[in-house]
Amino acid sequence: MCTVSFYQDSEKVIITSNRDEKTHRPLAEMPQFENLNGKKIAYPKDPQAGGTWFAVDEHGAAFVLLNGAATPHQPTPPYRKSRGLILTDLAQATDFEEAWREIDLHQIEPFTLIAFQKNKLLENRWNGQEKTSEKIAPFKPTIWSSSTLYTKEIIQQRKEWYEAFLLENQFYLEPRELITFHTTTKRTDPENGLIIQRNNVTLTKNVTQYVLHSNGFTLLHLDLINGKTAELIHTFL
């Protein structure tokens with residue numbers, strides 16, 4: 001839940017996420033569809049809390065979580081509910097923007113939630129005191145990094161890596177090239193590269209990618225620990 005990139009062209013939307021997590025936390029279950037409040041939602045499940053960091057509904061809306069808001073925070077547990085469960089609560093809502101306005105986030109740890117729905121990209125943040133929601137311009141490539149793991153300077157540096165990558169692939173970008181970006185960029189830097197391994201405490205466990213086309217979407221999930229891959233293909237009726 002710590003690095004998320006967004007890319008859109010005339011044919012597709014691609015959202016790719018790297019999940020950095022504590023080494024002791026159980027591995028996520030491979031993504032599958034579940035019926036939540038009458039809506040089919042596909043997501044990799046965290047077996048510890050039951051939530052997720054990446055969910056896609058049957059209509060093609062996508063929701064991705066990052067730990068922390070715009071600036072670092074000092075954790076003050078216990079918290080009332082896992083942020084991963086907050087994501088599934090919001091993903092199953094009929095109207096996401098209304099649900100975001102109404103949801104009670106008291107005693108929930110700060111987070112950033114990227115939502116793409118009906119060709120609208122929203123950056124939603126909860127800093128522990130207030131909620132904000134910002135609309136990102138269509139077709140604007142964007143990358144987010146968790147404020148809990150990366151300094152302001154490193155977050156800016158990662159934006160520059162993404163800009164350089166896009167410049168090299170400016171004519172046409174395939175989803176697999178974004179997987180390559182998310183798995184190889186600055187691989188020799190285990191502290192701040194896109195794949196991290198910090199003192200056997202925190203490491204990148206998963207890469208998940210959503211690709212939306214006019215007739216459906218795919219959800220690709222890489223388990224970097226066990227070397228397993230799962231792919232869901234969903235066609236709109």
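Tutor: Lysine 120 forms a salt bridge (a side-chain nitrogen of Lys or Arg within 4 Å of a carboxyl oxygen of Asp or Glu) with glutamate 97, and their closest N and O atoms are 3.0 Å apart. The model is predicted, so local features need pLDDT of at least 70, side-chain atom pairs count only at pLDDT 80 or more, and totals for chains, interfaces and linings use all residues. Residues are numbered from 1 along each chain as its sequence is written, and side-chain values use heavy atoms, with hydrogens and water left out.

Student: Where do lysine 120 and glutamate 97 lie?

Tutor: Lysine 120 is in strand β8 (residues 120-126) and glutamate 97 in helix α2 (residues 96-102), 23 residues apart. Helices (H or I, at least four residues) and strands (E, at least two) are DSSP runs, numbered from the N terminus.

Student: How many salt bridges does the structure hold?

Tutor: The structure holds 11. In one of them, the side chains of arginine 25 and aspartate 46 meet at 2.5 Å, N to O. Arginine 25 lies in the loop between β2 (13-22) and β3 (29-36) and aspartate 46 in the loop between β4 (39-45) and β5 (54-57), so this pair ties together parts 21 residues apart in sequence.

Student: Is aspartate 46 buried or exposed?

Tutor: Aspartate 46 is buried, at 6% relative accessible area; buried means under 20%, exposed over 50% and partly exposed in between (1.4 Å probe, protein chains only).

Student: Which residues are linked in a network of salt bridges?

Tutor: The network links Arg19, Glu21, Arg25 and Asp46.
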